[in-house]
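Please look at the structure shown below.

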Amino acid sequence: MRKIDAVDFFYLSMPEVTTEGDGSQDALLVRVAAGGVIGWGECEASPLTSIAAFVCPMSHGACRPVGASVLGQRLEGPEDIPRIAAQVELDSMDLLQAPHTWSGVEIALWDLLGKALEQPVWKLLGYRKSFRKLPYASQLFGDTPAQTHKKALAARRQNFHAVKFGWGPIGRSDLQSDLEHFAAAREGLGKGTLLMIDVGQIFGDNVGSAAARIPMLKQIGTVWLEEPFHTSDLNAYASLAKKSQLKLAAGEGAHNFQMARHLIDYGRVGYIQIDCGRIGGIGPAKRVADYAVAKKVTFVNHTFTSHLALSASLQPYAGLRSDEICEYPFSPKPLARHITSNHLKRDKEGYVTVPDAPGLGINIDAEAVRRYLVDVEIRVRGKVLFASSHQI
């Protein structure tokens with residue numbers, strides 16, 4: 001019987017981390033060993049707090065460390081992963097970081113299981129065939145409209161047929177400034193490129209401020225407006241969706257299936273974007289993809305970091321032909337590029353193919369991991385609960 005023997009975390013970081021909205025400045029890799037097979041995953045979360053959630057002392061019966069529900073568990077087939085997930089959810093319900101920590105572990109379990117069974121993860125999820133995806137170059141707005149225009153030109157020259165601009169100065173100045181950034185993005189991309197806009201929850205619950213941007217976004221042919229409000233503000237999403245002919249996108253902040261379902265049912269989003277490194281892993285993301293199909297909502301991955309995370313994010317909808325747009329890190333920090341020795345490259349037509357190799361089909365570069373590794377030790381009452389491993 002194959003059992004989970006070990007779970008190791010690797011906190012990686014760029015030499016300097018800034019306040020820009022770029023999640024590729026650090027990373028938390030997860031390595032799981034079971035029955036002589038290794039799997040890798042990645043959390044999309046604060047590395048140190050996520051490690052702590054795995055090893056922290058128990059506070060009470062519903063606030064136990066994630067590790068207590070994982071280590072020693074049986075792992076023979078796909079059905080074992082949701083079983084372990086249910087145990088984590090029950091025993092760590094009061095540990096709010098638990099879904100983020102478990103997400104990276106869960107991804108690693110799928111990678112491990114795929115390698116052990118010699119199947120790509122998407123086949124383990126029940127798909128018979130995978131379909132290539134159209135990547136959009138995901139990048140931040142420039143500080144000025146001229147910089148945004150320059151970035152748009154760069155993406156166009158690299159043959160991206162879809163581009164998303166996000167965050168940056170949008171919503172932090174006045175309406176005219178935002179409109180100039182939107183116009184600069186479209187001008188740089190030309191008419192034939194898909195354009196998506198992400199404003200990073202900047203409008204809080206102010207529907208009026210978000211609505212004021214809609215006419216311009218419609219005029220320049222924007223595909224969607226992403227995250228104008230907090231993930232949980234379903235009333236704001238529904239109100240704007242009712243007023244606007246432009247589809248809304250959201251979901252990266254969902255850390256369970258129910259949050260994503262509520263955005264579809266009550267927030268009336270047209271695109272549901274799921275981050276496997278936050279929602280609880282690949283399994284819950286697949287559940288959202290299935291639900292979205294039934295509700296005629298388009299599923300889109302969310303990822304802004306490494307190609308390990310990118311591969312994981314594609315698995316839940318690899319077998320959906322109609323849902324073909326995918327987020328693709330356009331200019332991540334060197335850390336995110338270096339930590340894997342292979343990458344999902346675009347073909348001549350600009351598409352990416354989900355790996356057919358066992359597991360996630362992505363290999364870790366051990367030397368790069370050592371180069372970016374942050375030494376961490378967590379000690380409680382003189383006992384070391386965690387110390388960074390240099391055995392990679």
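**Cysteines and pockets**

The sulfur of Cys276 lies 12 Å from the closest cysteine sulfur, that of Cys43, which is too far for a bond. A disulfide here is a pair of cysteine sulfur atoms within 2.5 Å, and a search of the whole structure finds zero of them. Cys326 is likewise in no disulfide, the nearest cysteine sulfur being that of Cys276, 13 Å away. Cys276 is buried at 3% relative accessible area (buried means under 20%, with a 1.4 Å probe and protein chains only). Cys326 is also buried, at 0%.

The model is predicted: local features need pLDDT of at least 70, side-chain atom pairs count only at pLDDT 80 or more, and totals for chains, interfaces and linings use all residues. Residues are numbered from 1 along each chain as its sequence is written, and side-chain values use heavy atoms, with hydrogens and water left out.

A pocket is an open set of points, on a 1 Å grid over the protein atoms alone, where a 1.4 Å probe fits, with protein on both sides within 12 Å along at least five of seven lines; lining residues have an atom within 4 Å of a point. The largest pocket holds about 610 Å³ of space. Its lining has 24 residues, with Ala85, Glu89, Asn256, Ile279 and Pro284 nearest the centre. Helix 3 (80–91) gives the largest share, six residues. By class, 15 lining residues are nonpolar, six polar and three charged.

The second largest pocket holds about 500 Å³. Among its 30 lining residues, Gly21, Gly23, Glu44, Trp167 and Arg278 are closest to the centre.

Notes
Buried < 20%, exposed > 50% of the residue type's maximum accessible area, 1.4 Å probe, protein only. Points joined across faces, edges and corners; volume = space filled by probe spheres on them. Helix = DSSP H or I, 4+ residues; strand = E, 2+ residues; numbered from the N terminus. Nonpolar A, V, L, I, M, F, W, Y, C, P; charged D, E, K, R; others polar.
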